[in-house]
Amino acid sequence: LLASAAPVIARRMPPRALGVMQLGASGVVFAAFAIVAAMIPDAQFGIIFIPSVSFDAKNMLTALVAFDIAGIAYTFFRPSMLAHGAHLGGVLMGLATFYMYLLPYNALTQRVVRNREIRDRRQQIEQRRRE
């Protein structure tokens, strides 16, 4: 619900975007994707229309956020039918949900974080051995 307030705030900023109606649940989809990207940043995602291309979840989330920030800047000049504010609000709420609730209490999340820390330590040890 809080992610739904983001397009209202973003729509108030650029004067030309006030007359554009936006509808959908893309903010929730972005929130879910942000949670997955925070939980498993190395997960591979692809674009369905380009089957041979895949991205890490953290890189894909970064690209989507950059696209939506550019989209909000674009709405200063022309109205847009995309709810860029809802997407950014969804990402912020997803990351807030992950860091405030899922990270401290979810055993799977803690295991993923622990495995990531172990992997990072092993990589540091291997780099020291190489030097």
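**Aromatic pairs**

I started with the rings and counted two aromatic pairs, where rings of Phe, Tyr and Trp (its six-membered ring) pair if their centres lie within 6.5 Å, and planes under 30 degrees apart are stacked, over 60 edge-to-face and the rest tilted. I was working on a predicted model, in which local features need pLDDT of at least 70, side-chain atom pairs count only at pLDDT 80 or more, and totals for chains, interfaces and linings use all residues. Residues are numbered from 1 along each chain as its sequence is written, and side-chain values use heavy atoms, with hydrogens and water left out.

Phe 33 and Phe 45 form an edge-to-face pair, 5.0 Å centre to centre with 75 degrees between the planes. I noted that this pair links distant parts of the chain, 12 residues apart: Phe 33 sits in helix H2 and Phe 45 in strand E1 (residues 44–47). Helices (H or I, at least four residues) and strands (E, at least two) are DSSP runs, numbered from the N terminus.

I then checked burial, taking buried as under 20% relative accessible area, exposed as over 50% and partly exposed as in between (1.4 Å probe, protein chains only). Phe 33 is buried at 14%, while Phe 45 is partly exposed at 26%.

Phe 98 and Tyr 99 also pair edge-to-face, at 4.8 Å centre to centre and 80 degrees between the planes. Phe 98 is buried, with a relative accessible area of 2%.

**H2 against H4**

Next I looked at two helices: the axes of H2 (residues 26–39) and H4 (residues 84–105) come within 7 Å and cross at roughly 40 degrees. That makes H2 oblique to H4, since angles under 35 degrees count as roughly parallel, over 145 as roughly antiparallel, 65 to 115 as roughly perpendicular and the rest as oblique.

I listed who meets whom, with contact meaning heavy atoms within 4.5 Å. The H2 side includes Phe 30, Ala 34 and Ala 38, and the H4 side includes Gly 90, Gly 94 and Phe 98.

**Ile 47**

Ile 47 is partly exposed, at 33% relative accessibility. Leaving aside neighbours within four places in sequence, Ile 47 touches Val 53, Phe 55 and Met 60.

**Whole chain**

I finished with the overview: five helices and two strands, running α-α-β-β-α-α-α from the N terminus. Of the 131 residues, 30% count as buried.

How values were computed:
Axes are lines fitted to C-alpha atoms, for helices over the stretch in contact, and angles run from 0 to 180 degrees between N-to-C directions.
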